[in-house]
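Here's a quick briefing to keep beside the structure while you look around.

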Amino acid sequence: MNSISVLHIDLFQSGRNTSHFYFNTMKEHLVVGHRHIEKPHRHDFYAAVLFTKGQGIHEIDFQKYDVSEGSLFFLSPGQIHSWELSEDIDGYIFFCSQEFYEMHYVNQKLRNFPFFGSVSFPRKLQLDPDERIKNKALFHELGREHQSQNLMKEGLILSLMSHIFINSARLFSKEIDRHDSSASLSYFKHYQDFENLIEQHFTEQKSISYYASLLGITPKHLNRIAQTVVQKTATDVITERVVLEAKRMLMYLDESLVEIAFRLGYEEYSYFVRVFRKCSGMTPTQFMRKYKV
């Protein structure tokens, strides 16, 4: 049984024809979607949220982020999130399906953007004053176009979304850009390949040497790549992905802790508990007491 609801775009559409794109102000969204989003939930779509007023806490995959003016968030399908927001909160939010975007951009995949493709990247950008003005204008124009009946409306919506995504990817990559640019591109590509391999094999394989071998590089170089791109060791990246999956399973699967540990590749439950505690600061049982209320 799944105890975390999975929300679809059409839940928020209020009779609109398309179920592939949604746009609203945060104030209106919280009114329209209150019955769906008051508890932790997951989406089957990609989302971006810009806060222009108010404050609060936004929790994404069990990591808490402060919300304030200029906070920009990105969410991928399957992520669990919830928030506690002040009464004066406002901003903009939009959703899109993978099909809506990638049918038009054949050579550009949503997972190519680091905030959608990597579980290790932070989900929040805190914009400086200039970027706040720039992004607020882009979101505002996106909303205005969504409400219009203009010629080639869909094309402009997709263009504005891409503008927001590309600009945000550049802001996220500033830390990497401190290194040689050619090395940065190579490192980021290798890191994406590394995470894609983790997604395929993390329940069976947890050693750096296994993934380094598939990538055709040394474990030492794989560690250097992970340290450069996300400031973590390769082992940390693997372990955090396993523990994130454990948290999701603990939240929405009615299985014993021993069964979950076994499904994640741990034959010894006690070792799974040690790994979970070291990564999250609590045992699986403590985690369930905190979140599964």
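Let's start with one spot: the side chain of Glu245 makes a polar contact with the side chain of Arg241, at 3.0 Å (a polar contact is a pair of N or O atoms within 3.5 Å; within protein, one must be able to donate a hydrogen and the other to accept it, and residues adjacent in sequence count only if both atoms are side-chain atoms). Keep in mind that this is a predicted model, where local features need pLDDT of at least 70 and side-chain atom pairs count only at pLDDT 80 or more, while totals for chains, interfaces and linings use all residues. Residues are numbered from 1 along each chain as its sequence is written, and side-chain values use heavy atoms, with hydrogens and water left out.

**Around Glu245**

- Glu245 sits in helix H10, residues 234–252 (helices are DSSP runs of H or I with at least four residues, strands are runs of E with at least two, and both are numbered from the N terminus).
- With a relative accessible area of 16%, Glu245 is buried (buried means under 20% relative accessible area, exposed over 50%, partly exposed in between, using a 1.4 Å probe and protein chains only).
- Not counting residues up to four places away in sequence, Glu245 touches Phe202, Tyr252 and Leu264 (contact means heavy atoms within 4.5 Å).

**The whole chain**

- The protein chain has 13 helices and ten strands.
- Of its 293 residues, 49% count as buried.
- Take the contacts between residues at least 6 apart in sequence: 69% of them join residues at least 24 apart.

**The five-stranded sheet**

- Five strands make an open sheet in the order E2-E9-E4-E7-E10, with antiparallel pairing (two strands pair if DSSP finds at least two bridges between them).
- Its edge strands are E2 (21–25) and E10 (124–126), each pairing on one side only.
- On average, neighbouring strands of this sheet are turned by 10 degrees against each other, direction ignored (axes are lines fitted to C-alpha atoms, for helices over the stretch in contact, and angles run from 0 to 180 degrees between N-to-C directions).
- Strands E4 (residues 46–53) and E9 (residues 90–96) share seven bridges in the antiparallel sense, and Leu50 stands opposite Tyr92 in E9.
- Helix H5 (residues 129–147) packs on the sheet, touching E2, E4, E7 (71–75), E9 and E10, and its direction makes about 120 degrees with that of E2.

**Helix H5 in detail**

- H5 has 19 residues and spans 27 Å from its first C-alpha to its last, close to the 27 Å expected at 1.5 Å a residue (the expected span is 1.5 Å times one less than the number of residues).
- Its buried residues are Glu131, Asn135, Leu138, Phe139, Leu142, Gly143, Glu145 and His146.
- Where H5 starts, a side-chain oxygen of Asp128 comes to within 3.2 Å of the backbone nitrogen of Asp130.

**Strand E5 and its partners**

- Strand E5 (residues 56–60) has four of its five residues buried, so it is largely enclosed by the rest of the structure.
- E5 pairs with E6 (residues 63–67) in the antiparallel sense over five bridges, and Glu59 stands opposite Lys64 in E6.
- E5 and E6 form a hairpin with two residues between them, and Asp61 in the turn has a positive phi of about 50 degrees.
- E5 also pairs with E8 (residues 80–85), antiparallel over five bridges, with Glu59 opposite Ser82 in E8.

- Phe45 lies in the loop between strand E3 (41–43) and E4, and counts as buried at 0% relative accessibility.
- Phe45 and Ser97 are 52 residues apart along the chain, yet their C-alpha atoms are separated by 4.9 Å.
- Asp66, in strand E6, counts as exposed at 51% relative accessibility.
- Leaving aside neighbours within four places in sequence, Asp66 is in contact with Gly56, Ile57, Ser71, Phe73 and Lys124.
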